[in-house]
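Please look through the sequence and the model shown below before reading on. The report that follows takes up the contact between the chains, then the relation of the copies, and then some local features.

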Number of protein chains: 2
Amino acid sequence: MQFIIEHKEGRARTGKIILSHGTFQTPAFMPVGTQGTVKAMTSEELETIGAEIILSNTYHLYLRPGVEILRSAGGLHEFMNWHHPILTDSGGYQLFSLSDLRKIDEEGVQFRSHLDGSLHYFTPETVVDIQRYIGSDIMMVLDECTPFPCEKEYAISSNELTIRWAERCKQRFDASERLYGHSQSLFAIVQGSVFSDVREHSATVLTGMDFEGYAIGGLAVGEPSDRMYEMIEICTGILPQNKPRYLMGVGTPENLLEAIDRGVDMFDCVLPTRNGRNAQLFTQNGIINITNAQYKDDFTPVDDKCECYTCRNHTRAYIRHLFMVKEILGLQLATHHNLYYYQWLMRNARQAIDEGRYFLWKQQQLIKQRNSSHNIN
Amino acid sequence: MQFIIEHKEGRARTGKIILSHGTFQTPAFMPVGTQGTVKAMTSEELETIGAEIILSNTYHLYLRPGVEILRSAGGLHEFMNWHHPILTDSGGYQLFSLSDLRKIDEEGVQFRSHLDGSLHYFTPETVVDIQRYIGSDIMMVLDECTPFPCEKEYAISSNELTIRWAERCKQRFDASERLYGHSQSLFAIVQGSVFSDVREHSATVLTGMDFEGYAIGGLAVGEPSDRMYEMIEICTGILPQNKPRYLMGVGTPENLLEAIDRGVDMFDCVLPTRNGRNAQLFTQNGIINITNAQYKDDFTPVDDKCECYTCRNHTRAYIRHLFMVKEILGLQLATHHNLYYYQWLMRNARQAIDEGRYFLWKQQQLIKQRNSSHNIN
């Protein structure tokens, strides 16, 4: 992996990350393809909207289709026919949000599948092994994602465990081989809930371990946005300048713009895809719920400034109709538009940074978002 | 409307139908877009697979989005962004299969919406009016679709009513104006259940009324295939040679090939779309259920002779995975493939007729279908 920083404005920066499966520009938004598919999108459409990297999930892929099939397929890229970079989350977050009866100890996590109750065991080592089978370009360490709110004492001990697990992941990573010819990278995850000193400690210790990139995890789990921004700022102040920073599972357009301003390079979030399937469409003037009666004879595009397939070809009235009659095409068109919007946002953020006008552009975007009559929450 | 017959082999024929929104080649299969969308397919994809005409439905469109919105949109073509021909079924079939508490008399049909129980009234005249609002290139008369089995006495009296309604539809059609500039045509529907003499009478009387095209309705409702083929043969023996014949709601690949052999030019059926969404995929060697365990590590395409997007890009193992984890992309890829298969079948049928080898080609296709270990029913 090669990370080349191109321009900086304050802490915000643009760059590119070069991997075996191709290059992606940063700041980057990664559409979420949890189960080896970005919901309602073909690989071809993902290319069309300008996605250069997608995210998939170790926990889900391990359960279905399972490592055996992924290995026979020659890895996830081949399996799903996506020949650009893939990052896989380790499953840490899913273990703590989806699975039942998890039992966590020094060695790892015992858990029951959320699908059939079957018993499984993840350790830092198995999580690396599974990601070798998946063949993701960027692998994530196993971490414990603390809930919010979280007692400080628990945040400290949990974070120590996450650090020890990161070390074990790195050892396994260094001792294991890629399976499909292309190289893989391993990112660490900074935890520490909303406690500045725990975040500082986590970022400092992990930086010392010299990972290829660093994620900031455990945020957007219920804490106020300002606390989140504060934590991001602490982390990006410590994490090495020359390594990518990835803010996991975040967030709204506003969250992304604020995080970029604080030096974050990579994002993933289910918001554009999940909200799209729930009839919430992102526009340059805020969010609209397309099922609202006001759109029933509105024959304008979702966003008249947008150049996506949905906006070039269809009206609000038609998309509303599709949602009202529960047609699959509604999910397709909404997902397509929302992901395009997130790519548009990143493209424009990069351009603004390259031209040294990011701060101003960000302010303008935020005013537009806040002035809209709709609210994401 | 202009219908040009190009080649004949026995009763089978190829031709083209020229309408304001474009030309389609016959024999033609029309993908079903009941609610103003072919489920899980974009307009662009429909063009890609070679669909030249689609079907939509008066009953459904009348209920949602309603004629007012369709009128404001400038008709269904504009509303759904499909600028090729559209045929609309009159809703006769839906009145008798979907709606509750229908009350039929000489004047028309009173029915309750299957959605909210609201009371509505369709007459031959309103059905024409609604199709004027929809702006379909080919409109269908209001008919009563008899169930199977059906007493002969009922089939006779029902058929007489259908004939009187056809006359009234034609009068309304001739007395009304197109709304959006493009011309529209009206097709009659031959009924008569499985009774040869009722079918003969129906076809003879309707032929005398000089419609622009003729549908054969009330088949594939439970009767044996042989009876269906027999009824088709009776109808196509009477209906005018120089007008298109459209077999409504039929059917399997075998049904289509047999009906083409008996002189049918147009088809519609939910089989490729609905079966696709139920994991049943058509191949040149019969149907496969992609969720079967045998496909879990089968990294070949659904049909290695098929050139559709699905087969060029994805494996059976991946599509099986998508169905197992209930991902929308599975529905998209399956629908795409199945509709492509039906278009492929029609394209090859046309070519075989043009080259005077249809009968032999049909036999080969049927042997392939029957030899497959799977069965559609």
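## The contact between the chains

In this predicted model, 35 residues of chain B are in contact with 35 residues of chain A, where contact means heavy atoms within 4.5 Å. The area buried between chain B and chain A is about 3,200 Å², and carbon and sulfur atoms give 60% of that area; buried area here is the accessible area (1.4 Å probe) that two parts lose on being put together, summed over both. On the side of chain B, the residues that lose the most area to chain A are Phe79(B), Glu327(B) and Ile328(B), which together make up 17% of what that side buries.

Two salt bridges are counted between chain B and chain A, a salt bridge being a side-chain nitrogen of Lys or Arg within 4 Å of a carboxyl oxygen of Asp or Glu. Lys39(A) forms a salt bridge with Glu327(B), and the closest N and O atoms of that pair are 2.6 Å apart. Between chain B and chain A there are also 16 residue pairs in polar contact, both residues being at pLDDT 80 or more; a polar contact is a pair of N or O atoms within 3.5 Å, where within protein one must be able to donate a hydrogen and the other to accept it, and residues adjacent in sequence count only if both atoms are side-chain atoms. The elements that give two or more residues to the side of chain B that touches chain A include helix H1 (43–48), helix H13 (316–324) and helix H14 (328–354) of chain B, and the largest share, five residues, comes from H13(B). Helices (H or I, at least four residues) and strands (E, at least two) are DSSP runs, numbered from the N terminus.

Residues are numbered from 1 along each chain as its sequence is written, and chains are lettered from A in the order in which they are written. Local features need pLDDT of at least 70, and side-chain atom pairs count only at pLDDT 80 or more, while totals for chains, interfaces and linings use all residues; side-chain values use heavy atoms, with hydrogens and water left out.

## The relation of the two copies

Chain B is superposed on chain A by a rotation of 180° with 0.0 Å of shift along its axis, at an RMSD of 0.0 Å, the superposition being by least squares on the C-alpha atoms of residues with pLDDT of at least 70 in both copies. The two copies are thus related as by a two-fold rotation axis. Of the residues of chain B, Ile328(B) comes closest to the rotation axis, with its C-alpha at 3.9 Å. The same surface serves both copies, since 100% of the contact residues of chain B recur in chain A.

## Salt bridges within the chains

Over all chains, the count comes to 38 salt bridges. In chain A, the side chains of Arg172(A) and Asp129(A) meet in a salt bridge at 2.7 Å, N to O. This pair links distant parts of the chain, with Arg172(A) in helix H7 (residues 152–175) and Asp129(A) in helix H6 (residues 124–134), 43 residues apart. Arg172(A) is partly exposed, with a relative accessible area of 32%, and Asp129(A) counts as partly exposed at 21%; buried means under 20% relative accessible area, exposed over 50%, and partly exposed in between (1.4 Å probe, protein chains only).

In chain B, Asp261(B) and Lys362(B) meet through their side chains in a salt bridge at 2.6 Å, N to O. Here too the pair links distant parts of the chain, Asp261(B) being in helix H10 (residues 253–261) and Lys362(B) in helix H15 (residues 358–371), 101 residues apart. Asp261(B) is buried, with a relative accessible area of 18%, and Lys362(B) counts as buried at 3%.

## A buried asparagine and the loops

Asn57(B) is found in strand S5 (residues 54–57) of chain B, and at 3% relative accessibility Asn57(B) counts as buried. A polar atom of the side chain of Asn57(B) lies 2.9 Å from the backbone nitrogen of Tyr59(B).

In chain A, the peptide bond from Arg64(A) to Pro65(A) is cis, with omega near 10°, and Pro65(A) lies in the loop between helix H2 (58–63) and helix H3 (67–73). In chain B, Ala279(B) has phi near 75°, a positive value in a residue other than glycine; Ala279(B) lies in the loop between helix H11 (271–277) and strand S15 (280–283), and counts as buried at 4% relative accessibility.
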